[in-house]
Amino acid sequence: MLSDRRSFLEKMSQIGALSILPGASALAANTEEKNHFMAGPYLQNMGLEEVTVMWVTSKNCFSWVEYGEGNYAINKAFAYNNGLIEANNRIHKITLPNLKPGVGHKYKIVSTEITGFKGSKVEFGETITSTMLGFKTPAANEEEVKFVVFNDIHDRPQIIPQLLYRHGYTGNVRDYDFVVFNGDCFDWVTEEQQLIDHLIKPTTYIFSNEFPFILTQGNHECRGSFSRHIPAYFAYPDNKFYYAFSRGPVRFVILDSGEDKKDDSVEYGGLAAFDRYREIQAKWLEKEIASDEFKKADFRVVLIHISPYHSGDWHGTLHCQKVFGPILNKAKIDIQISGHTHRYMTHQPDATHNYPIVIGGGPIEGNRTLIKVRATKKELNLKMIRDDGEVVGKFQLARKTRN
């Protein structure tokens with residue numbers, strides 16, 4: 001577990017090797033006889049009183065988390081459905097409940113292989129355990145939140161340590177409470193190992209067993225034979241890619257812009273319904289902006305991969321503009337953060353949108369960006385930093401007087 005940047009070159013070499021030889025860990029999984037952790041643990045959906053811990057094993061298991069405050073892992077959590085404990089599975093998603101806000105916790109993951117069933121008897125194999133790890137829950141009435149945003153990595157996992165180690169710290173102190181991957185982490189999603197090698201493992205090397213991350217769906221996450229399996233590897237409220245949550249002084253609204261092509265495009269073989277999906281989201285968005293949580297927030301930040309504005313004239317962009325645009329203008333949001341175009345840009349409010357828009361860069365060296373945001377109850381500061389360190393976008397927003 002890394003707590004600073006001193007191991008940057010060492011980790012870069014490891015992740016670089018994974019990106020050059022994407023089948024290497026898959027080969028190891030096939031030849032390794034014993035059960036082992038393929039990925040994780042990584043944190044998702046951290047709130048004041050709970051967090052979800054996820055990991056992937058090479059064999060089917062019964063798994064649990066041992067955890068507790070301070071240095072003592074005296075509690076045990078497991079997942080269950082309809083009275084049955086989750087077992088005989090490889091993807092483990094366990095929520096730790098009843099945590100105390102603003103408190104440090106220790107935890108470790110445990111998986112026992114299930115080798116078979118004989119009637120009502122379950123046969124177990126070896127048990128594997130992680131090292132003890134730690135995280136801290138947000139404090140109640142937290143007055144500050146910091147986060148960073150990647151977008152459009154496109155199967156280049158080395159971008160994560162390159163940008164995060166160079167620009168995500170002040171000295172050896174992290175400048176983020178969580179990390180956002182704002183769509184298009186992949187080109188075409190074709191297998192589990194791609195998710196593991198190109199996103200999950202690089203995050204666990206650096207931060208995600210201590211700090212959570214969010215993956216918003218980009219149009220490229222919609223593509224490929226494995227795309228429909230992506231939700232199983234991440235934790236989303238109500239198992240939906242669109243949702244809202246509060247952290248400190250900010251209300252975050254995450255929207256799924258879907259595909260940029262028409263639903264009847266030949267690439268989808270008649271298996272796409274993004275127009276209907278966006279229309280359903282719009283109805284949800286109307287309810288969200290009417291909620292007390294949204295209205296009372298000091299700042300309102302929207303994360304969406306394809307911006308409804310300044311993203312060309314493809315069908316998905318124009319449909320997002322039609323169904324989301326009027327609602328976002330009515331909502332008086334403070335800022336929208338997007339990707340997709342591979343051209344970093346900032347846009348001041350204009351006649352079409354009454355809020356600023358930030359669009360991050362693309363995957364090619366010299367065009368990669370890390371967006372850093374720090375919000376207090378009085379002010380939101382955003383900087384978009386190019387991979388060479390130049391600040392290519394900046395906003396300093398004071399808290400608005402709400403009606």
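Let's start with Lys76: its charged end sits over the ring of Trp64, 4.3 Å from the centre. By that I mean NZ of Lys or CZ of Arg within 6 Å of the ring centre and within 35 degrees of the ring normal. Arg223 does this too, with its charged end over the ring of Trp188, 5.6 Å from the centre.

A quick word on the source: this is a predicted model, where local features need pLDDT of at least 70, side-chain atom pairs count only at pLDDT 80 or more, and totals for chains, interfaces and linings use all residues. Residues are numbered from 1 along each chain as its sequence is written, and side-chain values use heavy atoms, leaving out hydrogens and water.

Now, how many aromatic pairs does a search of the whole structure find? There are 23; rings of Phe, Tyr and Trp (its six-membered ring) pair if their centres lie within 6.5 Å, and planes under 30 degrees apart are stacked, over 60 edge-to-face, the rest tilted. Take Phe178 and Phe245: their centres are 6.0 Å apart and their planes at 70°, so they are edge-to-face. Phe178 belongs to strand β13 and Phe245 to strand β15, so this pair ties together parts 67 residues apart in sequence. Strands here are DSSP runs (E, at least two residues), numbered from the N terminus.

Phe181 and Phe213 are also edge-to-face, at 5.7 Å centre to centre and 85° between the planes. Are these two buried or exposed? Phe181 is buried at 0% relative accessible area, and Phe213 is buried at 2%; buried means under 20%, exposed over 50%, partly exposed in between (1.4 Å probe, protein chains only).

Definitions and conventions: Helices (H or I, at least four residues) and strands (E, at least two) are DSSP runs, numbered from the N terminus.
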